Amino acid sequence: MRNGCKTGSCLFLLSLLLILATGCKGGTERVSGQVAITMSASVKQTKAIISSIDDLKQNHSIGIYGFKEQNTNSANKFLVFDNQPLHYSNESGWSYSPERYWDMQTRYSFVAYAPFTVENAQNSSYNSIIINKIPQYQNANDASALDYIVALSNNPAKTYVENYNKTVNLVFHHILANFQVWAYYEGFDTEFVITGMSLGANSNGQKVPAADAVRSYTQQFDSERADGVFNSGSWATYRVTLPVGDFTVPKESANMAQVANLLVVPFIADENGVAKIPLTIYYTKNGVEQTPATVSIGISAFESDNKYRLDLKFEQKGATVVPVNIQIKNWTETEVDPSDIHNW
Amino acid sequence: MKKLVKIWLDVLTMAVMLLPLFSCSESEMDGLQVKLLPSTISGGMEQTILTKADNGYSDFIPYDGLQMEVFATGPNGMVNGKFTYTADGGWDSNVNLEAGKEYNLFVYFPKVDRASFSGNNLLTLSNLSVSTNDVLVVEGVAAQNATVTPGDFSFTMNSNPQGQTPKDYVDLKMDHLFAQLFLEFAIEDPGNDPFKFGNLRKIKITEVELATTTSATATISFNSGNSELPFSVSWSNVQNSDKVYAKINPLDAVQEEDGLMITPGYQQYGGGYVIPTINGTKPEMWLRVKYDVYDLNDTLVREGDVSENKLTVSVQDMVRGTIYKKKIFIQPTYIYSLTDGDLLTLKF
């Protein structure tokens, strides 16, 4: 017993060891006094697919690029995040692995985007990131549609740690335009079915990007805000068919429903940017194909982070005609002789 | 004896006197038969009997599912739509016209897949051959209860249509585009010969199809203002290809019996429709008949036998709007009886 300890002293030491052991397991600020880089995200506006921050949390991952400059304003840059995926959980918030730690002597620049992709995103010499293979027109209701959002952040590490609770706050906005068409009809019962839509005019009108055009989006790291650019691409021969399925138009404005929900890579309708873009609607009336109707959507360009909504109203004029009394000219009768003999 | 002779002479005299009356009755009977001939204007097994009217036209009773295709030409171009009749809802239409405006209505039925309208008066119906249904083309249009004049296709919509689903109404006169083959069947009289088929077996026709290898395109030119010839038909693109079959709608009486038990006396079955003679060429035709065989105790011996024979029509020019009454005499062969064991026993 002399070489041992008293029971109380032993319990105290054991408890202390346990506390220290537990402290070493968890937390983010306990290794060498470093401060971990943490992330938060929000969506600036509600949009077509990623409609809220909750939607982003539940359904998407974020990809993030970030670098630090060894000395402020120095050209020496080190990549800290290279298309690092961020995942959200209620327990940990936006998290990534392995953790990185703030270098308090440097300045950081971040570009984040969503939805996360391994194949179609890349960084370019620490100056910018590029998102590739963005379709010019997408039906937002398709499961495969990509509603890209982008966020920037650019500050000295000290600012992040002291002013922003060590967190990079990513405020996303949409880089595509959202174009919605809604419709209803008034008057007596008629079945209007919209069977298709096209942008642009037949000829001598406003050129619009080709339906199968695919774009790349480039975002500089050091911009004040996310105002990246899309590469220019081929132009259509005046008119493009939009990815829209058949839609039966409901009756009365109270039942107005969405015909089309499109994601559009921003563009200006023609080189001068003054023309209004025509939209042609193909439709049937009571099952009979009608002459397509062309309306102006009132704008000359689709801009990123903007939602455009066009409401269509179908009006009925006149009435239907139906037959009542029908007479048929009598047959003239002729006997045909002789009889045929058929062997069975 | 003298008295008996006198009675016989009286009977003979009366018979001679009545003979013209019977002849007259026969003639009227023929007329009556015409009245009762079916205009097979339905889809499926529906059938409508037309009653001959004094003015040369018969009232048409629409059937469930009937579709007429309509081309309405007016101040804003052509409107294409259809009149649809259902037993529950009556007539409906998607031919929407502007109130107070005058239109010409060009109508035909039943609706076919390959129809087009061009110019102001040309209706083209392609790939026509045989049909289960009578193909009819409008020859006059008028507002409801107004007199329909052949050659007048114009109609002015009500200037102030009312109601939730406002409608306006027209009356139509239609004429035939096809010729009709009306079939009667008989089997040879077996007499007292115990080995003749009719004394061994009975045959019940359950289905008849009319077939042809000829098809053509009809271009119908509407002649506004011509009451004698409201429309004229030009046939083109005459082609020969594989046989096309069209079921013949049986008469009501045949339908009620689920077929026609053929006897030595001719019995009517029903009518089928075929394109007329085109440029002197009459379409080649066949009859495919499906029948059941019964023994004399009405026990079904064989079911669903099929026989196909070429059909001859003695007239060269089959013209549209004409019924050709065709008698078919059935001559069964021993091929049938040789397959039946009971008949073999009977024969030997």
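This is a predicted model: local features need pLDDT of at least 70, side-chain atom pairs count only at pLDDT 80 or more; totals for chains, interfaces and linings use all residues.
Chain A is built from three helices and 25 strands, and 47% of its 344 residues count as buried.

You'll find V265(A) in the loop between β17 (257-264) and β18 (267-268) of chain A. V265(A) counts as buried, with a relative accessibility of 1%. Leaving out residues up to four places away in sequence, V265(A) touches I134(A), P135(A), Q136(A), L176(A), R215(A) and F230(A). Take Q138(A) as well: 127 residues separate Q138(A) from V265(A) in sequence, yet their C-alpha atoms are 8.9 Å apart in space.

**The cores**

Now for the greasy parts. The largest nonpolar core has 84 residues, and L105(B), L172(B), L177(B), F185(B) and F222(B) have the most contacts inside it. The element that gives the most to this core is strand β16 of chain B (residues 201-222), with eight residues.

L105(B) has partners in both chains. Not counting residues up to four places away in sequence, L105(B) touches V321(A) in chain A, and in chain B its partners include V70(B), F71(B), A72(B), L97(B) and V138(B). Also on the list are V141(B), F153(B), F155(B) and V170(B).

Back on strand β16 of chain B sits E209(B). Is this glutamate buried or exposed? At 15% relative accessibility, E209(B) counts as buried, because the cut-off is under 20%. Setting aside neighbours within four places in sequence, E209(B) is in contact with Y245(B), A246(B), K247(B) and I248(B), and also with W286(B), L287(B) and R288(B).

**Where the chains meet**

How many residues of each chain take part? On one side, 80 residues of chain B are in contact with 36 residues of chain A. The size of an interface is often given as the accessible area lost when the parts come together. Here the area buried between chain B and chain A is about 5,300 Å², and carbon and sulfur atoms give 55% of it. In chain B, the residues that lose the most area to chain A are N94(B), N96(B) and K325(B), which together account for 12% of what that side buries.

On the polar side of things, 35 residue pairs are in polar contact between chain B and chain A, with both residues at pLDDT 80 or more. Sorted by class, the chain B side that touches chain A has 41 nonpolar, 23 polar and 16 charged residues. Four salt bridges run between the two chains.

**Salt bridges**

Over all chains, the structure holds 16 salt bridges.

| Residue | Partner | Closest N and O atoms |
|---|---|---|
| E333(A) | K325(B) | 3.1 Å |
| K68(A) | D103(A) | 3.3 Å |
| D175(B) | K329(A) | 3.6 Å |
| K167(B) | D92(B) | 3.9 Å |

Start with the pair inside chain A, where K68(A) forms a salt bridge with D103(A). K68(A) lies in strand β2 (residues 62-69) and D103(A) in the loop between β4 (93-95) and β5 (107-114), so the pair ties together parts that are 35 residues apart in sequence. D103(A) is partly exposed, with a relative accessible area of 24%.

The bridge between D175(B) and K329(A) joins two chains, because D175(B) lies in strand β14 of chain B (residues 167-176) and K329(A) in strand β24 of chain A (residues 319-329). D175(B) counts as buried at 7% relative accessibility, whereas K329(A) counts as partly exposed at 27%. Both residues also belong to a network of salt bridges that links K329(A), E139(B), D175(B) and R320(B).

Finally, K167(B) forms a salt bridge with D92(B). This pair links distant parts of the chain, with K167(B) in strand β14 of chain B and D92(B) in strand β6 (residues 90-93), 75 residues apart. K167(B) counts as partly exposed at 26% relative accessibility, and D92(B) counts as partly exposed at 41%.

Note on methods
Residues are numbered from 1 along each chain as its sequence is written. Chains are lettered from A and ligands numbered from 1 in the order in which they are written. Side-chain values use heavy atoms; hydrogens and water are left out. A nonpolar core is a set of buried Ala, Val, Leu, Ile, Met, Phe, Trp, Tyr and Cys residues joined through side-chain atoms within 4.5 Å. Buried means under 20% relative accessible area, exposed over 50%, partly exposed in between (1.4 Å probe, protein chains only). Helices (H or I, at least four residues) and strands (E, at least two) are DSSP runs, numbered from the N terminus. Contact means heavy atoms within 4.5 Å. Buried area is the accessible area (1.4 Å probe) that two parts lose on being put together, summed over both. A salt bridge is a side-chain nitrogen of Lys or Arg within 4 Å of a carboxyl oxygen of Asp or Glu. A polar contact is a pair of N or O atoms within 3.5 Å; within protein, one must be able to donate a hydrogen and the other to accept it, and residues adjacent in sequence count only if both atoms are side-chain atoms. Ala, Val, Leu, Ile, Met, Phe, Trp, Tyr, Cys and Pro count as nonpolar, Asp, Glu, Lys and Arg as charged, and the others, Gly among them, as polar.
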